[in-house]
Amino acid sequence: MKQLFFLLGVSLFAVKGNACDKCKDYNNDDFQIKSVNVKHSDDIAATIWEISVKGTAGTTTPTPAGQLNGAPVLGYVFPNTLKPTDVGFGDTEGIVALALTSHPDFDDTPLWDENADRNFTNDGIVWHPHWVVLTDDKRVEGGLAVKQFDTKDTSVVLPPTNPGMPMYMDSPGFQVITKGNTIRVIVPDYRMNNKTDFSYDGVAAYMEVYTGGEGNHGGGDKPMLGVYKVYSVASGDLSLPYSVK
């Protein structure tokens with residue numbers, strides 16, 4: 001596990017020196033993290049996860065690409081020391097992260113109607129949460145991607161709320177709130193194996209979807225959802241120094 005976090009740190013800091021023209025459009029104070037905080041409330045048996053930024057959290061959303069291939073994804077991400085099995089995945093290698101994302105080109109929360117218009121397929125731009133498992137991936141500038149799997153592999157275990165994509169990703173439907181400079185999400189204890197003692201960090205990043213063919217990053221073999229740019233890291237060195245309060 002320590003080796004995985006070391007690779008994660010190396011990968012995230014390596015991306016700062018790589019070119020990504022589209023990524024520059026979102027490099028503003030809305031993604032410059034000032035602090036990150038996870039606190040547990042016994043009263044509601046849940047943890048409240050928060051990222052505060054210099055600007056206004058959640059105000060900047062991606063400009064649509066008009067298609068799934070090359071679709072931009074912005075995220076406020078909490079890499080942590082929870083196990084994949086704690087959040088409903090099978091026992092697999094990788095780093096668990098809770099990602100709050102916005103992406104106008106597609107909707108990957110088929111069970112949830114975040115904008116409450118009774119259309120469950122049109123609200124990808126609304127900030128919403130995903131559990132993901134991250135792995136080292138040198139095919140993208142950021143060196144990281146959401147872990148994929150072969151759809152024929154019957155040993156893969158996903159939470160029942162997964163969006164049906166061949167990745168270790170879940171769409172759990174937790175409440176996300178943006179207010180002022182803070183974005184927060186509330187996670188019930190029972191939805192993460194009642195774990196309230198773990199370490200974490202905060203990252204603001206640009207990701208992109210790849211479905212094949214020539215994309216905006218040179219085409220070739222790419223992960224389905226890769227990290228292309230990191231705008232800020234709460235700890236400065238991705239050492240996951242923070243503990244649940």
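**Exercise 1. Determine which strands form the open sheet and which of them lie at its edges.**

Solution. The open sheet consists of 4 strands in the order β1-β2-β9-β8, with antiparallel pairing. Strands here are DSSP runs of E of at least two residues, numbered from the N terminus, and two strands pair if DSSP finds at least two bridges between them. Next, consider the edges: β1 (33-41) and β8 (176-179) each pair on one side only. Neighbouring strands of the sheet are turned by 15 degrees against each other on average, direction ignored; the axes behind this angle are lines fitted to C-alpha atoms, and angles between N-to-C directions run from 0 to 180 degrees. Within the sheet, β2 (residues 46-53) and β9 (residues 182-188) are joined by 7 bridges in the antiparallel sense.

The model is a predicted one, in which local features need pLDDT of at least 70 and side-chain atom pairs count only at pLDDT 80 or more, while totals for chains, interfaces and linings use all residues. Residues are numbered from 1 along each chain as its sequence is written, and side-chain values use heavy atoms, with hydrogens and water left out.

**Exercise 2. Describe the surroundings of Gly180.**

Solution. Begin with its place: Gly180 belongs to the loop between β8 and β9. Its relative accessible area is 47%, and it is therefore partly exposed (buried means under 20%, exposed over 50%, partly exposed in between, with a 1.4 Å probe and protein chains only). Leaving aside residues up to four places away in sequence, Gly180 touches Gly55, Thr56 and Ala57, where contact means heavy atoms within 4.5 Å. Finally, the C-alpha atoms of Gly180 and Gly58 are separated by 8.9 Å, although these residues are 122 places apart along the chain.

**Exercise 3. Classify the ring pair of Trp49 and Phe78, and state whether each residue is buried or exposed.**

Solution. The whole structure contains 12 aromatic pairs. Rings of Phe, Tyr and Trp (its six-membered ring) pair if their centres lie within 6.5 Å; planes under 30 degrees apart count as stacked, over 60 as edge-to-face and the rest as tilted. For Trp49 and Phe78, the centres are 5.3 Å apart and the planes stand at 80 degrees, so the pair is edge-to-face. Trp49 lies in β2 and Phe78 in β3 (residues 72-79), so the pair ties together parts 29 residues apart in sequence. Trp49 is buried, at 0% relative accessibility, and Phe78 is buried at 0%. Both belong to one aromatic cluster, together with Trp131, Phe174, Phe198, Tyr200 and Tyr242.

**Exercise 4. Explain why β5 is described as largely enclosed, and identify its partners.**

Solution. First count the buried residues: 7 of the 9 residues of β5 are buried, so the strand is largely enclosed by the rest of the structure. Then list the antiparallel pairings:

- β4 joins β5 over 7 bridges, and Ala99 stands opposite His130 in β5.
- β7 (residues 169-170) joins β5 over 2 bridges, with Asp170 in β7 as the bridge partner of Trp131.
- β6 (residues 144-146) joins β5 over 3 bridges, and Thr135 stands opposite Ala145 in β6.
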